Structures are given as structure tokens and as C-alpha cells.
Amino acid sequence: MGEQKRSHKMLKFKEEITMAGKNGKKIVHHTYMSAKDAHYVGELVNGARIVVQWGDVGTELMVYVDGDISLFLGYENIKFTAPVYVGDFMEYTGEILEIGNCSYKCKFEAWKVATQLDRVHGADLSNVATPETAATACEPPILCAEAIGSLYIAKKDQRGPTESSFAQREHRK
């Protein structure tokens, strides 16, 4: 029992869940882009890192809506709208737009919610003791990417909602 409580608290530290409507909650994951995420010159993070995180968000949605980890069928119209760098704090969201017979159409977004101060245009670092560690919130957050994704759970594997906000979901016949 103690181990279960501890892991639940760890999950809550990494994610935040907010209401999104009749198709259940919007899932939100937060991550920090560390040096291991750098892929290009200038500590630029590969856009594929965003797509990987959306996969985790989509999987969590499917566990809540129908009790299965699902298969990710693909994305439509992925748009990368702003760069992501090492040192950025990111927020990845996903919500269900439509529920079919076995498919789920979801909206995904990636937001930069904080960044290193030296990446902010016009930031005054003259009075900052350790400029390489100085950071700031992005107010408002910056949309870095968005996409529509489709996930699939076979009828035989649909166990029904495992989280109360998904109780009203209805499959198309």
C-alpha cells in the first residue's frame, strides 16, 4: 500500500489533469529539456521529442477512456510553430475530440512554459550572479507544436472508462 501511494504522488508531480468536456479530461504532462535532449547545433531539441511525449499523453488518455494502452495509428497535420531548446520547460496536452467505434481522434499541443533567461530577447543579465542558470516563466506560454492524432483500441479490448470524467463517453456504432 505504501509503495502504491508513493508512485501515485510521483505521477501527480509529473502530470496535471484538467477538465475538457464530455469526452473526459485533458491530460497534461510537464517535462524539462535536459542536455540529453539536444540534437542540433545551439542546443536545439528535435521535434521528434515532442511527438514521443504526445504518444505518452495519448496512451494515458486511452487507459482512462477504455482501460487499454491502445495503438497509435498516426498523426495528421503536425505543425512545429516555435523552437524548443535545452533548458526549456514544456507542457504537453492531449484531449479526445471524437470517439468512433474503435478509434479515438485526439488533439495534441506542446507549450513552452519556461525557458533560460539568456534565450529571452532583451533580457538584462547584468545583475544576475549566475546567468547560465537563470530562467523565467513564459507568460503567456509559447505554442511550439500542435497535431491531431488517431488511436485505436479493438472492441474486444475496450473495458470501459477507468476514470470518472470519461463515464459519459459514447462509441459510434
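Predicted model: local features only at pLDDT ≥ 70, side-chain atom pairs only at ≥ 80, totals over all residues.
Biologist: What share of the contacts joins residues 24 or more positions apart?
Modeller: Among contacts with a separation of 6 or more, such residues account for 74%.

Biologist: Let us turn to the inside. Which residues touch the most other members of the largest nonpolar core?
Modeller: They are Trp54, Met62, Tyr92, Ile96 and Cys106, in a core of 26 residues. Two or more residues each come from helix 2 (48-66), strand 6 (89-99), strand 7 (103-116) and strand 8 (135-152).

Biologist: Which element gives the largest share of this core?
Modeller: Helix 2 does, with seven residues.

Biologist: You mentioned Tyr92. What is tyrosine 92 in contact with, beyond its neighbours within four places in sequence?
Modeller: Its contacts include Ile27, Val28, His29, Thr31 and Met33. Ile50, Gln53, Trp54 and Val57 are also in contact with tyrosine 92, as are Glu109 and Ala110.

Biologist: Now the charged side chains. How many salt bridges are there?
Modeller: The count comes to ten. Side chains of opposite charge can pair when their charged atoms come close.

Biologist: Which residue does aspartate 66 meet in a salt bridge?
Modeller: The partner of aspartate 66 is arginine 169, at 2.6 Å from N to O. Aspartate 66 belongs to helix 2 and arginine 169 to the segment after strand 8, so the pair ties together parts 103 residues apart in sequence.

Biologist: Are those two residues buried or exposed?
Modeller: Aspartate 66 counts as buried because its relative accessibility is 0%. Arginine 169 also counts as buried, at 14%. The cut-off for buried is under 20% relative accessible area.

Biologist: What about glutamate 95 and lysine 26, how far is N from O there?
Modeller: The side chains of glutamate 95 and lysine 26 form a salt bridge at 3.8 Å, N to O. This pair links distant parts of the chain, with glutamate 95 in strand 6 and lysine 26 in strand 2 (residues 25-32), 69 residues apart. Glutamate 95 has 18% relative accessibility and therefore counts as buried, whereas lysine 26 is partly exposed at 23%.

Biologist: Glutamate 109 came up among the contacts of tyrosine 92. Which side chain does glutamate 109 meet in a salt bridge?
Modeller: Glutamate 109 meets lysine 107, at 3.4 Å from N to O. Glutamate 109 is buried, with a relative accessible area of 12%, while lysine 107 is partly exposed, with 30%.

Biologist: Which residues are linked in a network of salt bridges?
Modeller: Lys36, Asp37 and Arg49 are linked in such a network.

Biologist: Which residues make the nonpolar surface patch of about 300 Å²?
Modeller: Leu71, Leu73 and Tyr152 make that patch.

Biologist: Where is leucine 73, and why does it count as exposed?
Modeller: Leucine 73 lies in strand 5 (residues 71-80). Leucine 73 counts as exposed because its relative accessibility is 54%, and the cut-off for exposed is over 50%.

Definitions and conventions: Residues numbered from 1 in each chain as written. Heavy atoms only, no water. Contact = heavy atoms within 4.5 Å. Core = buried A, V, L, I, M, F, W, Y, C linked by side-chain atoms within 4.5 Å. Buried < 20%, exposed > 50% of the residue type's maximum accessible area, 1.4 Å probe, protein only. Helix = DSSP H or I, 4+ residues; strand = E, 2+ residues; numbered from the N terminus. Patch = residues over 30% accessible without salt bridge, like charges linked within 9 Å, V, L, I, M, F, W, Y side chains within 5 Å. Areas by Shrake-Rupley, 256 points an atom, 1.4 Å probe, with all protein chains shown as cover. Salt bridge = Lys/Arg side-chain N within 4 Å of Asp/Glu carboxyl O.
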